[in-house]
Amino acid sequence: MATHRRGRLWPLLAVGGLSVPTVAAAQDLEARGYEIAAEADRRDSGYHDITAELTMTLRSRNGSEHTRVMRIKTLEVEEDGNQTILVFDQPRDLQGTALLTVGHTAGADDQWLYLPALRRVKRIASGNQSSSFMGSEFAYEDIGSQELGKYTYRFLRHDEIDGMGTLVVERVPTGPNSGYARQVVWFDSEEYRVLQIEYYDRSDVLLKTLQLRGYRRYAEAYWRPDEMHMVNHRTGKSTTLRWSDYRFGTGLSERDFDRNNLSRVR
């Protein structure tokens, strides 16, 4: 595996009075990081499809709020990334707006946005996937398919969040159009659920932090959070996603994710 930039926490070996990271130690940390991410992915695989309801709350720096209500459908696709549709139900001026994401195991996802006011489908160019999704603190790439092959990995340390043991892993996007230099992910050490992600901009400055809380187990196998809270440290704005009515194995197929039918999604 390739050595990642900004390797701050590699074990050191004193050589000729100088401390330098060993290649073997760096490779061990990369292998461990990938192992953790792969285990998290394995535990969250096999559900076939899922639907849920979403309430999105946008907060400005001064505390004013705007609320949106959405529905989401996701389909697992063998040997490629997942496919997802987000549909806005409220407010009225956004009703029927729909985002389709066709994920890929490597490279940029394909994304299309249906805008009812214009009655047209707009393709989101890969170079624009780092921009804000509908004015929220989530970027289009945050909503995209988080496939293993889109990152390189490095284990950083053990840590705790709210008294829970965690495994902290750095992941670096491999695609040239990502808005992030790197991300730092906290997995809980028992169930490998993502509890927190820090997003660093292209200048390697902390830009956003995502916290995931209120996990519940569904279908006796799959953990899902009740809430995802994203804070933008640069602007002081935040966006909260509250999830409800999770349903697994509803019988969705690729026909339900046809971009030519976005205007008729129900």
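Trainee: Which residues do ring pairs link into a cluster?

Mentor: Ring pairs join Tyr47, Tyr218, Tyr222, Trp243, Tyr246 and Phe248 into a cluster. Keep in mind that this model is predicted. Across the whole structure, a search finds 11 aromatic pairs.

Trainee: How is a pair of aromatic rings described?

Mentor: By the distance of the centres and the angle of the planes. Take tyrosine 47 and phenylalanine 248: their ring centres are 6.1 Å apart and their planes meet at 85°, so this pair is edge-to-face. Tyrosine 47 sits in the loop between α1 and β3, and phenylalanine 248 in strand β17, so the pair ties together parts 201 residues apart in sequence. Tyrosine 47 and phenylalanine 248 are both buried.

Trainee: What about tyrosine 180 and tyrosine 199?

Mentor: That pair is tilted, with 4.9 Å from centre to centre and 45° between the planes. Tyrosine 180 belongs to strand β11 and tyrosine 199 to strand β12, 19 residues apart.

Trainee: Why does tyrosine 180 count as buried?

Mentor: Buried means under 20% relative accessible area. Tyrosine 180 is at 7%, so it counts as buried. Tyrosine 199, at 4%, counts as buried too.

Trainee: Where does the charged end of arginine 182 sit?

Mentor: Over the ring of tyrosine 200, 4.0 Å from its centre. Arginine 193 lies over the face of tryptophan 223, 4.4 Å from the ring centre.

Trainee: Is arginine 224 buried or exposed?

Mentor: Buried, with a relative accessible area of 11%. Arginine 224 lies in strand β15. Its side chain makes a polar contact with the side chain of aspartate 44, at 2.7 Å. Beyond its sequence neighbours within four places, arginine 224 contacts residues including Tyr47, Tyr218, Tyr246 and Phe248.

Technical notes:
Residues numbered from 1 in each chain as written. Predicted model: local features only at pLDDT ≥ 70, side-chain atom pairs only at ≥ 80, totals over all residues. Heavy atoms only, no water. Helix = DSSP H or I, 4+ residues; strand = E, 2+ residues; numbered from the N terminus. Buried < 20%, exposed > 50% of the residue type's maximum accessible area, 1.4 Å probe, protein only. Polar contact = N/O pair within 3.5 Å; in protein donor to acceptor, adjacent residues only side chain to side chain. Contact = heavy atoms within 4.5 Å. Phe/Tyr/Trp six-rings, centres within 6.5 Å; stacked < 30°, edge-to-face > 60°. Lys NZ or Arg CZ within 6 Å of the ring centre and 35° of its normal.
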